[in-house]
Amino acid sequence: MSGKLPQKKFFRQRAHSNPFSDHHLDYPKSPTEMDWSTHYPAFVSEENSSELSLNAPIKQVDRPLMKKKVEFADLGCGYGGLLFSLSTLYPETLMLGMEIRVKVEEYVREKIIALRLQHPGQYQNISIIRMNVMKFLPNFFEKGQLSKMFFLFPDPHFKTRKHKARVITNQLLAEYAYVLRVGGIIYTISDVKDLHEWMVKHLDEHPLFERIPDEEVEKDPIIPFVRTDTEEGKKVERNKGEKFLACYRRIMNQ
């Protein structure tokens with residue numbers, strides 16, 4: 001690998017992808033079968049580290065032990081803007097982007113590889129998987145494994161008959177509550193007021209989430225990156241559009 005950053009113009013793909021279609025995705029049967037060593041080779045236990053690559057298969061017969069587990073998940077991460085920003089802010093925290101679009105996932109993966117070559121010792125804590133989070137999230141993460149989940153400028157699916165494809169629904173929130181630890185945070189942001197209100201309504205109604213007060217949210221060091229570092233966030237900024245933010249904390253069952 002040359003370490004040259006990929007050019008986004010060669011990895012463009014339409015923004016919408018049907019989450020209900022068969023995308024021929026590769027996923028583990030359970031979190032215990034997932035091999036994370038190829039994604040985060042710098043975090044493999046020294047006793048069994050080997051030559052590993054992001055391009056390796058998703059599973060290996062003998063999976064090396066990991067020093068850490070993934071804690072941050074960016075669902076529908078797009079071109080990875082948030083991942084790249086948070087990587088150096090939390091260098092010891094493993095983060096994963098999940099993206100269903102082939103070309104977009106490919107771009108992020110190549111950029112991670114290039115940045116690791118350009119900046120030895122950095123960007124080792126981020127990776128990406130092409131995945132449909134609406135179907136296979138529990139296949140990757142154990143109960144209570146995640147501390148932060150990001151839903152940044154998700155597809156609004158404007159038509160009423162398409163609302164079932166929105167990434168925040170009652171059924172999906174049950175899965176999110178399962179993989180998110182108590183005290184963990186869900187971050188949502190959109191430039192579409194109707195979608196924002198939809199996400200707020202569903203999260204407000206769920207017994208395992210409570211909204212974090214705005215004044216507390218603004219003290220979170222991650223919030224500036226949530227607002228501005230994704231491609232969609234930058235586009236809204238250029239168009240002087242409005243952004244609607246809401247964050248929720250995972251709570252105990254009362």
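Because the model is predicted, local features are described only where pLDDT is at least 70 and side-chain atom pairs count only at pLDDT 80 or more, while totals for chains, interfaces and linings use all residues. Residues are numbered from 1 along each chain as its sequence is written, and side-chain values rest on heavy atoms, with hydrogens and water left out.

The strands, like the helices, are DSSP runs numbered from the N terminus, a helix being a run of H or I of at least four residues and a strand a run of E of at least two. Seven strands form an open sheet with mixed pairing, in the order β3-β2-β1-β4-β5-β7-β6, where two strands are said to pair if DSSP finds at least two bridges between them. At the edges stand β3 (126-130) and β6, each of which pairs on one side only. Neighbouring strands of the sheet are turned against each other by 20° on average, direction ignored.

Within this sheet, strand β1 (residues 70-75) is joined to β4 in the parallel sense by three bridges, and phenylalanine 72 stands opposite lysine 148 in β4. Strand β7 (residues 244-250), by contrast, has antiparallel pairings, with six bridges to strand β5 (residues 180-190) and three bridges to strand β6 (residues 209-211). Its phenylalanine 244 is the bridge partner of serine 190, and its arginine 250 is the bridge partner of phenylalanine 209. Six of the seven residues of β7 are buried, a term that stands for under 20% relative accessible area, whereas exposed stands for over 50% and partly exposed for values in between (1.4 Å probe, protein chains only).

Helix α1 (residues 81-89) lies across β1, β2 (94-99), β3 and β4 and runs at about 175° to β2, the angles being taken from 0 to 180 degrees between N-to-C directions of axes fitted to C-alpha atoms, for helices over the stretch in contact, with contact meaning heavy atoms within 4.5 Å. Helix α2 (residues 102-118) lies across β2 and β3, and its direction is at about 160° to β3.

An unreviewed UniProt entry places the feature "active site" at Asp155; UniProt positions are given in the numbering used here, feature names are shortened, and annotations may be inferred rather than shown by experiment. Aspartate 155 is found in the loop between β4 (146-152) and α4 (170-179), and its side chain reaches the backbone nitrogen of histidine 157 at 3.0 Å.

The structure holds 11 salt bridges, each defined as a side-chain nitrogen of Lys or Arg within 4 Å of a carboxyl oxygen of Asp or Glu. One of them joins glutamate 205 and lysine 201 (3.0 Å, N to O); because these residues are four apart in helix α5 (residues 193-205), they are separated by about one helical turn. Glutamate 205 is partly exposed at 48% relative accessible area, and lysine 201 is partly exposed at 46%. Another salt bridge links lysine 235 with glutamate 232 (3.3 Å, N to O), both of them in helix α8 (residues 231-238) and three residues apart. In a further salt bridge, between lysine 243 and glutamate 237, the closest N and O atoms are 2.5 Å apart.

Definitions and conventions. Polar contact = N/O pair within 3.5 Å; in protein donor to acceptor, adjacent residues only side chain to side chain.
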